[in-house]
Each structure stands twice: as C-alpha cells, then as structure tokens.
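User: I would like to learn how to read a contact between two chains. Please take me through it feature by feature.

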Amino acid sequence: MNRFFTPFFKTLVDHEVTVELKNDISIRGTLKSVDQYLNIKLDDISVVEEIRYPHLSSVKNVFIRGSVVRYVHLPGAAVDTALLEDATRREAAQASAKAKQG
Amino acid sequence: MADPDDTASAPVNEPLDLAYDSHCNLVLGDVEETVYIVEEDDEEEDTVRTVKKQSEMLFVRGDSVVLISPQPPS
C-alpha cells in the first residue's frame, strides 16, 4: 500500500524521532517499527511538553495509529536525501505513466 | 541537484525538495513552520501571534496537507 514511505521509515529504525500528533502532543522516542499504514512503534518515549500533557508520563513504549500523525521530525544526518529524491522521480514517473493508461 | 538539462531521465521539475507520493505525504528538508495563533484581547479585538519552528528534516502526513505552492526559483 505505501511502497514509498514504509521502506524509507524502515531505514530509520533505531533512530530517535519526534512524532507530532494531530492533537498537538509531541512524543519523542526510538523508532522501533513502521508498517504499511505508517503506524509507528516507539520505545523509551518522553512527551515533549510533559507539564501540559501528563497522561503518558508513566508509559515506556507506544504504538501510534498512522492516521493520527501530523509530522515526524527526523534526524537529518540519518536521511539519505539522494536516495529519496531518486525514489520520488521513479514514483512520479510511474504515476504519470499510469495516468496516461487510465 | 540533478542537471536541469537531463529532463529525459527526470520528468519531475527540479529542484526537488525532497520527496512526495500520491497521498501528498512529504519529506522536506530545511523546514520553517509558521503557526498563526489568533487571540482575543480585553477589547475583544483579535490579535495574531506567529510562532516559527525550525526543523532540519520533516515528514508531513498527506492527509493534513491542504495546498502545495512551489517557490519560484530564487
């Protein structure tokens, strides 16, 4: 289903990421797994504004439903930008080829 | 960035910053987010406060994307 971003996130497993949810809560933790819906598992989590959002202060690891994610802040050094751009060109070329067929 | 003359192998307009798919999921580099916060003061007048946030690399989930407006080349 998500051929493009799922493999990309898999290359970032074991890196620290910050996931900002659509309810404004930001959760920082170690990325443990990602699936086809971009559901995310995080370990050793901390909530960025803990005073405002104390609900998760005793929680160690979470499974986040992909649909509630707004942003994922990524470590810039861990992202292979050339690879991503190449993959985007391929994906866009395939999409336009499909559009012409249909 | 790729050679702009190399259009045969790169049908996408360059520069590409950075990645997207058909759901409008995006990965952006060198990001500045501007949040507009509207507050009502004592005289019930709206004041707009902006908060800017920087991020070196950001994934944006496509279902929150409303529009994409490419900047003209500078």
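This is a predicted model: local features need pLDDT of at least 70, side-chain atom pairs count only at pLDDT 80 or more; totals for chains, interfaces and linings use all residues.

User: What area do chain B and chain A bury between them?

Analyst: Interface size is often given as the accessible area lost when the parts come together. Buried area is that loss on putting two parts together, with a 1.4 Å probe, summed over both. Here chain B and chain A bury about 2,200 Å², 63% of it on carbon and sulfur atoms. On chain B, B:Met57, B:Phe59 and B:Arg61 supply 29% of the area buried against chain A, more than any other three residues.

User: How many salt bridges cross the interface?

Analyst: The rule asks for a side-chain nitrogen of Lys or Arg within 4 Å of a carboxyl oxygen of Asp or Glu. It finds 1 salt bridge between chain B and chain A. B:Asp63 and A:Lys22 form a salt bridge through their side chains, at 2.6 Å from N to O.

User: Which strand of chain A pairs with β3(B)?

Analyst: Strands are DSSP runs (E, at least two residues), numbered from the N terminus. Two of them pair if DSSP finds at least two bridges between them. Strand β5 of chain A, residues 69–73, is joined to β3(B) by 3 bridges, and the two run antiparallel. A:Tyr71 stands opposite B:Val60 in β3(B).

User: Now backbone angles. What is phi at A:Asp24 and at A:Leu38?

Analyst: Most residues other than glycine have a negative phi. A:Asp24 has a positive phi, near 75°. A:Leu38 is also not a glycine, and its phi is positive, about 60°. A:Asp24 sits in the loop between β1 (16–21) and β2 (26–34) of chain A. A:Leu38 lies in the loop between β2 and β3 (40–47) of chain A.

User: Is A:Leu38 buried or exposed?

Analyst: Buried means under 20% relative accessible area, exposed over 50%, and partly exposed in between (1.4 Å probe, protein chains only). A:Leu38 is at 4%, so it counts as buried. A:Asp24 is at 43%, so it counts as partly exposed.

Note on methods
Residues are numbered from 1 along each chain as its sequence is written. Chains are lettered from A and ligands numbered from 1 in the order in which they are written. Side-chain values use heavy atoms; hydrogens and water are left out. Helices (H or I, at least four residues) and strands (E, at least two) are DSSP runs, numbered from the N terminus.
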